[in-house]
Amino acid sequence: MLVVTCPVCNASGDETDFHYGGQAHVRRPATTDPVNITDEDQRDYLFIRHNPKGLHFERWRCDRGCGKWFHAARDTVTMEFKATYGITELPPAELIKEAKGPWADYFKKRLKEKA
Amino acid sequence: MLEPQFESALAHRAAPDTLSISMREISERGMIDLRGLATDKKFMSAVKSVLGFDLPKAPRASTSWGDLKALWLSPDQWLILCTRSKTNSLLAELNAALAKIHSLAVDVSDMRAIIRLEGESVRETLMKGSSLDLISDDYKAGTVRRMRFAEIAALLHVVEENVIDIYVFRSYAEYTWAFLTKAARKGAEVKLFKR
Amino acid sequence: MSTKPYRLAEGGSRIDRSRKVTFSFDGKDISGFAGDTLASAVLASGQKLFGRSFKYHRPRGLVGLGSEEMNALIGIGVGSRHEPNLRATQIEIFNGLSAESQNRWPSLKYDVGAINSKFSRFLPAGFYYKTFMWPKSFWKHVYEPFIRKAAGLGKAPEGRDPDTYEHMHVHADVIIVGGGIAGLTAAEAAASTGTKVLLCDENPVLGGIADLTAGMIDGECVADHAATVAARLAALPNVHILTRTTVVGHFHHNYLMAFERVGDHDPAILASGAPKHRLWKIRADKVVVATGALERPIAFANNDRPNIMLASAVRGLIGRYGVTPGSKGVVFTNNDDAYLTAFALKKAGVTVRVVDSRARPDGALVKRAIAEGIDVNLGSVISAVEGTSGVTAVKIAAYRRGQGRVITEKRVDCDFIAMSGGWNPALHLWCHNGGKIEFDDSLQSFRPKSHTDNIVAVGAANGTMSVEATLVEAQALGKKAKKFIVQEPERGASESLWFAPATGKYNEGNKHFIDFQNDVTAADLELAQREGYESVEHTKRYTTFGMATDQGKTSNLNGLGVISEATGKTIPEIGVTTFRPPYTPYSFGAIAGSLTNDLFLPVRRTPIFQWHSDHGAVFEPVGQWRRAYTYPQASESKHEAINREILCVRNKVGLLDASTLGKIEIKGPDAAEFLDRIYTNTFSTLKVGKCRYGLMMNELGFLSDDGVTARLADDHFIMHTTSGGADRIGAWLEEWLQTEWTNYKVFVTPVTEQWAQFAVAGPRARDVLSKLGPDFDISNEAFPHMSFKQGHFGGYPVRVYRISFSGEMSFEVATPANFGQGLWNAIMEAGDEFGLSAYGTEALHVLRAEKGYIVVGDESDGTVTPVDVGMEGMVSKKKPDFIGKRSLEQSFLKGPNRKQLVGLLTEDPTDVLPDGAYAVAAVKNKPPMEMIGQVTSTYMSPTLGRSIAMALIQNGRSRMGEVISFPLEGGKVMKATITDTVFYDKEGGRIHA
């Protein structure tokens with residue numbers, strides 16, 4: 001039973017007070033360009049998930065608390081939460097550096113867009 | 001003309017005398033669910049103009065003035081408490097003040113049942129159903145916290161050290177009452193850390 | 001037999017000799033003293049036999065002193081209060097206690113199953129797999145019933161448990177697990193920094209085995225020192241002590257479960273209202289494992305005979321209860337610690353001899369034993385045990401380390417044996433959540449190595465066996481504290497002894513018990529190695545070694561030692577099996593806590609629940625709600641009642657409690673655009689004051705919910721969801737607003753429970769409402785179908801939606817929940833003259849099926865699209881994006897042979913197709929048959945006087961008029977014609993009346 005801390009309201013509680021929302025930073029293609037979505041884009045969005053041993057970026061909701069969604073970076077081996085951050089935000093810089101797999105590409109793209 | 005008949009969720013329940021705490025339903029309270037952005041100055045000041053005080057911005061805080069009380073639920077949500085008979089007029093005032101401001105105020109006076117718990121072992125009794133550390137300093141008088149209680153969602157408001165109001169959705173009132181009656185049984189008290 | 005032959009004249013720190021306690025064991029009255037355990041009292045009465053072993057039904061006695069006991073499993077209490085499989089060593093006796101032994105028939109002394117022991121050669125490791133393979137039919141009729149009867153220890157209680165149980169949460173800065181000298185010292189150290197300390201111990205008295213430990217701390221004996229510390233701790237406000245509380249598991253983020261036996265030891269506590277057991281759910285910043293060590297048995301031939309105990313158990317029986325297992329004992333050891341038992345026995349006047357496998361032990365205790373004139377056989381082992389239901393003599397053989405067989409031996413009379421193969425740190429809790437351990441050569445055991453949680457082990461649990469070092473380690477948890485002056489005997493090295501050679505054929509090891517509880521012998525483990533079970537985890541499963549409630553407490557290391565000798569690998573090379581929670585078993589009652597009977601599941605009640613109940617409603621669960629299914633009157637059957645209710649709606653007027661429907665207020669400048677994204681159809685075009693039926697898909701393109709949404713104002717809507725979908729859809733809307741369309745200015749507030757909501761449906765519906773004194777025009781012109789009004793019925797504030805799920809003229813009336821019962825009564829009264837009657841959910845379902853309205857969850861199953869159910873027209877072609885739109889274009893969902901929703905009329909109108917019945921392409925004599933679809937809703941329609949059904953059938957819509965077959969169980973085949981789904985009032989005139 002994990003202890004989760006919501007970055008929005010700073011409430012800590014058992015994971016049963018929260019709702020796990022799967023992998024974070026998955027882009028929904030239809031929101032930005034509903035017309036030109038390939039079957040592969042849609043497949044990746046719906047079904048392809050990364051399941052690493054170690055650093056994992058994920059979504060949670062402060063379900064029994066303030067009701068807000070947020071992001072978390074968690075180590076799937078030690079279960080340690082490395083960081084929690086806003087649902088529209090990117091992880092702290094040091095975790096972006098550590099990120100692997102699809103997240104590494106995603107963060108790179110997002111940082112470029114921002115810049 | 002039809003005279004409306006009022007019947008609260010626990011109208012037919014009285015606490016048995018076998019409990020270590022006292023327990024009763026509070027049914028005469030009006031409640032307004034208010035949504036708006038704490039970061040929206042126009043919203044905050046419009047609400048203040050009606051309530052007479054600032055909405056609390058700190059998580060889990062509450063503010064009160066006379067028979068009015070505002071409980072923080074979320075950065076964009078509050079529960080306004082008032083005397084039930086004044087709910088309509090208060091809601092109308094809020095809606096008038098907020099007419100051009102992005103917000104949503106709804107009368108939810110009947111949506112939840114409120115059970116008032118009083119006694120020295122109130123906190124420990126609740127800890128039989130809640131994983132929160134209710135005996136810690138995080139739960140001083142005035143604190144509001146939504147939580148999982150037994151198997152359901154609940155809202156807790158610490159009124160005083162030994163007085164706690166627990167809010168549950170109306171349909172769960174009987175379940176909550178039954179759980180508390182069992183948990184607060186005399187003989188089953190737990191005193192944590194010699195409180 | 002004389003009375004209390006084994007109770008010593010004096011001594012016993014735990015018992016009160018002035019208070020006699022009488023209880024029954026296997027129907028026989030036995031007396032002991034207050035403070036006795038069942039084990040000590042029964043042993044004091046002269047009875048050595050406590051149970052029969054699991055597989056061979058060998059007679060077994062006590063082995064341990066506390067929770068490590070694996071043989072003496074006892075059933076306590078009678079009838080519905082019976083609780084099986086409790087350890088005799090942990091049961092505290094009280095007057096009237098009723099206990100019985102287990103796994104024997106007809107009695108403990110004469111057990112038919114003991115014949116298994118005679119056939120033990122045919123019941124080797126893995127015998128299930130080998131023996132019961134052939135012939136096939138024997139498994140069901142011969143082998144399985146036999147195994148079922150033979151296996152299992154205690155029996156389950158009968159009837160409903162009358163006692164109560166509960167859960168309790170607690171948070172602490174530090175939890176100390178174990179109240180021995182290490183735990184007490186650690187608790188005091190941690191508490192001195194002002195932190196909140198929770199101290200849990202499974203025993204009734206703190207101190208662990210301080211009373212069995214040699215040495216002095218600041219001039220006090222270890223036990224007195226422990227008692228002093230315990231008393232100081234008890235007075236501290238930041239320390240909470242739980243005794244009789246076993247921490248059974250350690251989980252992620254320092255979450256622990258502890259099992260408190262609140263009322264087991266004293267019926268008066270239960271009678272006062274206390275729960276029998278309490279399950280503690282503990283969260284701690286730091287965990288201190290001070291669980292001590294467990295003494296190992298020694299593997300020698302027939303080491304499982306009654307009255308062969310651990311040396312610490314014998315020492316404890318004397319010291320705590322003034323009980324000795326016999327008058328002439330042999331202490332068999334490979335280490336110094338067991339000499340303390342020899343001293344205790346000698347002091348109690350019991351004749352004692354020590355057999356030590358070590359050739360030249362040089363510790364202080366050995367020297368003292370020799371100096372005191374105790375017979376000590378160095379370089380020796382016990383090579384044989386005589387006696388079956390007890391011990392009558394042993395053979396002592398000369399031994400040198402590594403020697404594999406007996407060369408010379410001599411016989412010595414004795415009536416009990418105290419054995420000690422060394423001590424293992426109790427690592428279970430350390431390992432539950434992935435703690436790493438390492439082998440320590442000097443301990444000949446594993447000890448904690450590392451952990452990812454904030455957890456430390458102190459004292460014997462950490463492999464620290466000296467008192468002085470334990471105190472230093474435990475004190476490190478606090479501020480710098482004064483150093484204790486400790487005197488303790490200098491210890492000589494122990495020497496591993498994994499297998500004591502035995503006389504003759506016994507040297508094969510098939511009576512050298514390793515896991516007593518599971519009857520696993522050294523020979524079984526060797527056999528598993530020969531048969532290729534190289535991984536220790538495979539050996540565990542093949543032989544059952546280390547399984548079940550014992551979880552390898554006493555057996556683990558001895559087993560590894562045997563495997564090591566059989567394979568030539570070192571113990572670290574072999575590795576250990578996984579220790580799993582719980583450390584000791586705990587009751588189902590504790591697991592359930594208070595959530596039993598009426599609290600088993602939360603039940604949601606509408607404001608009209610009591611009325612339904614008072615008026616004979618049969619309820620059906622809808623999610624956690626209980627909805628009135630139908631209201632049988634007087635002698636009516638359910639079926640008759642449903643038919644009556646349906647006809648009442650069709651011909652007169654009915655009243656339905658629809659309060660459970662989800663209701664969500666949605667407001668903001670972008671509310672309409674948001675709804676266009678959520679629904680498949682368009683809501684931005686909806687006019688204020690109007691209602692529209694909407695469909696929702698999930699992102700996969702499958703139907704997820706439906707309902708009517710009304711526009712209250714330009715920027716303000718109220719959405720209805722299905723009863724089951726209310727919470728889910730509320731959260732769904734929030735999720736999209738917060739995570740995807742974050743620029744939308746929309747607020748969403750679920751208000752389901754604010755409103756009691758009723759459908760008034762039927763040709764006389766308007767007549768009923770007009771009698772309620774509406775302050776608005778309810779005529780068809782002013783208030784047409786699919787529109788919305790807000791106002792009053794007399795003094796009742798109402799929101800009225802003219803929407804219909806029955807096909808009749810229908811008004812859904814909502815009023816604040818606390819007015820619900822009042823308005824319901826008023827409607828019932830007003831409707832009386834029009835023949836109004838309440839109708840339940842089953843009538844509702846038949847009414848909607850007659851009209852071909854779908855129910856999400858009946859007509860859809862999570863793989864059904866709006867197109868499949870014939871609602872293609874409701875899927876917008878214009879909107880660029882809405883949830884599920886892109887998926888609906890995936891080839892799979894556009895492909896041929898999708899199942900499509902159709903109506904069915906059976907050839908025989910009295911045939912009602914079973915729900916879920918499969919349609920096949922062609923009926924054959926037996927399966928397999930090609931399945932082409934299934935029935936989704938099926939009813940006998942009283943309106944039409946015949947059965948109707950809906951089904952999802954491959955290409956159904958292009959098969960209108962085709963007759964398809966449904967082969968049913970029992971061979972009957974029902975045939976039905978495919979039709980459209982609207983069976984009644986196809987023109988839809990009634991709804992607009």
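I would like to start with C:R244, which at 18% relative accessibility counts as buried, buried here being under 20% relative accessible area, exposed over 50% and partly exposed in between, with a 1.4 Å probe and protein chains only. This is a predicted model, in which local features need pLDDT of at least 70 and side-chain atom pairs count only at pLDDT 80 or more, while totals for chains, interfaces and linings use all residues. Residues are numbered from 1 along each chain as its sequence is written, chains are lettered from A and ligands numbered from 1 in the order in which they are written, and side-chain values use heavy atoms, leaving out hydrogens and water.

Coming back to C:R244, this residue sits in the loop between β12 (239–242) and β13 (245–251) of chain C, and its phi is positive, about 50°, although it is not a glycine. Most residues other than glycine have a negative phi, and most peptide bonds are trans. A second case is in chain B, where B:K194 has a positive phi near 55°. B:K194 belongs to the segment after α4 (173–183) of chain B and, with a relative accessible area of 40%, is partly exposed.

There are also cis peptide bonds to look at. One runs from C:P581 to C:P582, with omega near 0°, and C:P582 is in the loop between α16 (571–574) and α17 of chain C. Another joins C:P927 and C:P928, with omega about 5°, and C:P928 lies in the loop between β46 (918–920) and β47 (931–941) of chain C.

Let me step back to the whole chain. Chain C has 26 helices and 50 strands, where helices (H or I, at least four residues) and strands (E, at least two) are DSSP runs numbered from the N terminus. The C-alpha trace spans about 115 × 70 × 55 Å along its principal axes, and 61% of the 993 residues in chain C are buried. Of the contacts in chain C with a separation of 6 or more, 65% are between residues 24 or more positions apart, a contact meaning heavy atoms within 4.5 Å.

Just after α8(C), C:G322 takes a positive phi of about 60°.

Helix α9(C) leads us to its partner α10 (residues 364–371) of chain C: the two axes come within 9 Å and cross at roughly 30°, so α9(C) and α10(C) are roughly parallel to each other, a term used for angles under 35 degrees, with over 145 roughly antiparallel, 65 to 115 roughly perpendicular and the rest oblique. In this contact C:Y339, C:L340 and C:F343 of α9(C) meet C:L365, C:V366, C:R368 and C:A369 of α10(C).

C:Y339, at 0% relative accessible area, is buried. Leaving aside neighbours within four places in sequence, C:Y339 is in contact with several residues, among them C:T333, C:D356, C:R358 and C:L378. C:V354 is 15 residues away from C:Y339 along the chain, and their C-alpha atoms are separated by 7.6 Å.

A second pair is α5 (residues 181–191) and α12 (residues 467–475) of chain C, which pack at an angle of about 30° with their axes 8 Å apart. That angle makes α5(C) roughly parallel to α12(C). Here C:I181, C:A182, C:T185, C:A186 and C:A189 in α5(C) meet C:T470, C:L471, C:A474 and C:Q475 in α12(C).

Which residues of helix α20 (residues 671–678) of chain C are buried? They are C:A671, C:A672, C:F674, C:L675, C:D676, C:R677 and C:I678, and because seven of its eight residues are buried, α20(C) is largely enclosed by the rest of the structure.

C:T596 is in the loop between α17 (588–592) and α18 (609–614) of chain C and counts as partly exposed at 25% relative accessibility; from C:E166 it is 430 residues away in sequence and 9.9 Å away in space, C-alpha to C-alpha. C:K511, in the loop between β29 (486–487) and β30 (513–515) of chain C, is buried at a relative accessible area of 14%, and C:K511 and C:G870, 359 residues apart in sequence, are 74 Å apart in space, C-alpha to C-alpha.

How values were computed: Axes are lines fitted to C-alpha atoms, for helices over the stretch in contact, and angles run from 0 to 180 degrees between N-to-C directions.
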